[in-house]
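Good morning, and thank you for coming. I would ask you to look at the sequence and the structure together while I speak.

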Amino acid sequence: MLVVMSHTATQADVERVCSTITAMGYTPAPMPGAQRTAVGLVGNDGRVDDSLIAELPGVSRVIHVSNPYKQVSREWRPENTIVTIAPGVSFGGTDIPVIAGPCSVESEKQIVASAHAAKAAGATALRGGAFKPRSSPYSFQGMGKKGLELLALAKRETGLPIVTEAMDDSGAYMVAEYADCIQLGARNMQNYSLLKTVGKIGKPVLLKRGMAATIQDLLLSAEYILAEGNPHVILCERGLRSFDSTSRNLFDLTAIPVVHQLSHLPIVADPSHGTGRRDKVMPMARAAVAAGCDGLIIEVHPQPDQAKSDGAQSLNPDQFAECMQQLRRVADAVDRSIAGVA
Ligand code: PEP
Ligand code: MN
């Protein structure tokens, strides 16, 4: 439930609403806005009787949030949420930041070269997994803590903030020491314990849509993080499993306008995992910008044919630079801009 205060409501009116909510056994979540304040009610899992609140002084109207998720919904917060992962790198505004880098951190040379290539082309954040969720236990599992240290080194060299994946609760605390944004992968979208943990940690989270998850599932997973008090969530569309093996996944670009309608959270697109094929990454990255994405995450490797994971979908530095040029033109056409300078 959301209590919308009138624009003439006083601080005392807002406090009265909050104390009434508390007395009813729920938690008030005041949200001051430019025009007026709204007070959310959290802690219920069914319709709340609003009779004690609707008539209080300063209350304009009471909205019952009809979706199973609420703090992530547009009804709860009409304005876009802007998630800032580092000074000047924000998702959810007019600028479209691009996160680039290899699938996995493999060596100092590889990650530093990737970071320089990403930065030179205009990316504003570096990706790279140190903990890799691989389909086979015999595949490269990532460098672990050493990989995080190498990411920190690449950040010192280039200034690029780090986006990297955490796979479990104890790993999340370790990742949080190095990452500017903690990535939760498609396979962990419904790891509720991990969602609660990153909610408690409070750092920005990049939450990837599960490969067979509905948009409602995705929003409910984000709700777990917000419910722990962490509002810094960026959603990510990375493709769905489908019957067609032509591409690795079915890249669901419809998710972008649908999420914008249902939620105030930013959504970024991952055309690398979305397609699985290097030659499909550029066209789908362009399409994602045209569809209104709030950022992109793209796999870039100095030598894709030697990559320990996802080489087939990784762009080389020249291809990535060309991709960024094309994205600038598309962004311009839809009144957005690709963040950063090349
Ligand atoms: C990745 O980003 O390298 C990754 C493993 O992505 P996903 O969780 O979307 O498969
Ligand atoms: Mn990958």
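Asp180 sits in the loop that runs between α5 (169-178) and β11 (181-184); helices here are DSSP runs of H or I with at least four residues, strands are runs of E with at least two, and both are numbered from the N terminus. This is a predicted model, in which local features need pLDDT of at least 70 and side-chain atom pairs count only at pLDDT 80 or more, while totals for chains, interfaces and linings use all residues. Residues are numbered from 1 along each chain as its sequence is written, chains are lettered from A and ligands numbered from 1 in the order in which they are written, and side-chain values use heavy atoms, with hydrogens and water left out.

Is Asp180 buried or exposed? Asp180 counts as buried because its relative accessibility is 12%; buried means under 20% relative accessible area, exposed over 50%, and partly exposed in between, with a 1.4 Å probe and protein chains only. Its side chain makes a polar contact of 3.0 Å with the side chain of Lys155. By a polar contact I mean a pair of N or O atoms within 3.5 Å; within protein, one must be able to donate a hydrogen and the other to accept it, and residues adjacent in sequence count only if both atoms are side-chain atoms. A polar atom of the Asp180 side chain also lies 2.7 Å from the backbone nitrogen of Ile162. Leaving aside neighbours within four places in sequence, the residues in contact with Asp180 (heavy atoms within 4.5 Å) include Ile85, Pro161 and Lys203.

Asp310 belongs to the loop between β15 (296-299) and α11 (317-333). Asp310 is counted as buried because its relative accessibility is 18%. Although Asp310 is not a glycine, it has a positive phi of about 55°. Most residues other than glycine have a negative phi. Asp335, in the loop between α11 and β16 (337-338), likewise has a positive phi, near 60°. Asp335 is exposed, since its relative accessible area is 65%.

Which side chain is joined to that of Asp310 by a polar contact of 3.1 Å? The partner is Arg248, which lies in the loop between β13 (233-237) and α8 (255-262). Arg248 counts as partly exposed, because its relative accessibility is 39%. A polar contact of 2.7 Å joins the side chain of Arg248 to that of Gln313. Arg248 and Gly274 are 26 residues apart in sequence, with their C-alpha atoms 7.0 Å apart in space.

I come now to the ligand. The residues around ligand 1, each with a heavy atom within 4 Å of it, include Cys103, Arg127, His273 and Glu299. Of these four, Cys103, His273 and Glu299 are also among the contacts of Asp310. Oxygen atoms of ligand 1 lie 2.9 Å from an N or O atom in the side chain of Lys132, 2.9 Å from a polar side-chain atom of Gln183, and 3.3 Å from one of Glu299. The protein covers 97% of the 300 Å² of accessible area that ligand 1 has on its own, as given by the Shrake-Rupley method with a 1.4 Å probe.

Finally, the overall division. An automatic or database domain assignment divides the protein into domain 1 (2-63) and domain 2 (83-338). Their C-alpha centres lie 37 Å apart.
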